[in-house]
Amino acid sequence: MMGNSERYKILLNALQWYSGPAQIDKAEEECAELIVALKHFKLGKATAQDIISEIADVEIMSKQMQILFGEDAVRKEIDRKLERLQKRINAEKKLNNDGKDN
């Protein structure tokens with residue numbers, strides 16, 4: 001299995017070789033392909049492996065976008081959104097069953 005530092009080097013190399021604008025276009029394309037694959041999966045026209053493959057493509061492009069737009073800023077935003085999600089879940093649990101897990 002590839003280590004984080006080797007992965008990072010490849011991601012950075014791709015950004016430098018193809019350019020940021022080209023990789024933004026590629027990220028859009030990969031996200032669209034995941035959307036289509038998920039829709040096909042719900043209809044029984046795609047397999048879990050199809051989804052896994054598209055998730056991997058999106059993850060690779062997402063990592064490049066994080067490098068391009070600022071990894072620290074993205075991490076902070078992820079933390080902020082995860083905290084907001086947890087608050088929403090807690091509030092919904094309280095409304096639905098006073099916090100009792102089913």
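1. Contact here means heavy atoms within 4.5 Å. By that criterion, and leaving aside neighbours within four places in sequence, Glu 30 is in contact with Glu 54, Asp 57, Val 58 and Met 61. Glu 30 is found in helix α2. Helices are DSSP runs (H or I, at least four residues), numbered from the N terminus. Glu 30 counts as buried because its relative accessibility is 7%; the cut-off for buried is under 20% relative accessible area, with a 1.4 Å probe and protein chains only.

2. On provenance: this is a predicted model, in which local features need pLDDT of at least 70 and side-chain atom pairs count only at pLDDT 80 or more, while totals for chains, interfaces and linings use all residues. Residues are numbered from 1 along each chain as its sequence is written, and side-chain values use heavy atoms, with hydrogens and water left out.

3. Take α1 (residues 4–18) and α2 (residues 20–42). Their axes come within 6 Å and cross at roughly 110°. That makes α1 roughly perpendicular to α2, the class for angles of 65 to 115 degrees. Axes are lines fitted to C-alpha atoms, for helices over the stretch in contact, and angles run from 0 to 180 degrees between N-to-C directions. Ala 14, Leu 15 and Tyr 18 of α1 meet Gly 20, Ala 22 and Gln 23 of α2. By class, this contact has four nonpolar, two polar and no charged residues. Ala, Val, Leu, Ile, Met, Phe, Trp, Tyr, Cys and Pro count as nonpolar, Asp, Glu, Lys and Arg as charged, and the others, Gly among them, as polar.

4. Next, α1 with α3. The axes come within 10 Å and cross at roughly 75°. α1 and α3 are therefore roughly perpendicular to each other. From α1, the contact uses Tyr 8, Leu 11, Leu 12, Ala 14 and Leu 15; from α3, Ile 60, Lys 63, Gln 64, Ile 67 and Leu 68. Eight of these residues are nonpolar, one is polar and one is charged.

5. The largest pocket has a volume of about 380 Å³. A pocket is an open set of points on a 1 Å grid over the protein atoms alone, where a 1.4 Å probe fits, with protein on both sides within 12 Å along at least five of seven lines; lining residues have an atom within 4 Å of a point. The volume is the space filled by probe spheres set on the points. Of the 16 lining residues, Asn 4, Arg 7, Tyr 8, Leu 11 and Lys 63 are the closest to the centre.

6. Which elements give two or more residues to that lining? They are α1, α3 (48–69) and α4 (71–97). α1 gives the most, with seven residues. The lining divides into seven nonpolar, four polar and five charged residues.

Key:
Angles under 35 degrees count as roughly parallel, over 145 as roughly antiparallel, 65 to 115 as roughly perpendicular and the rest as oblique. Buried means under 20% relative accessible area, exposed over 50%, partly exposed in between (1.4 Å probe, protein chains only).
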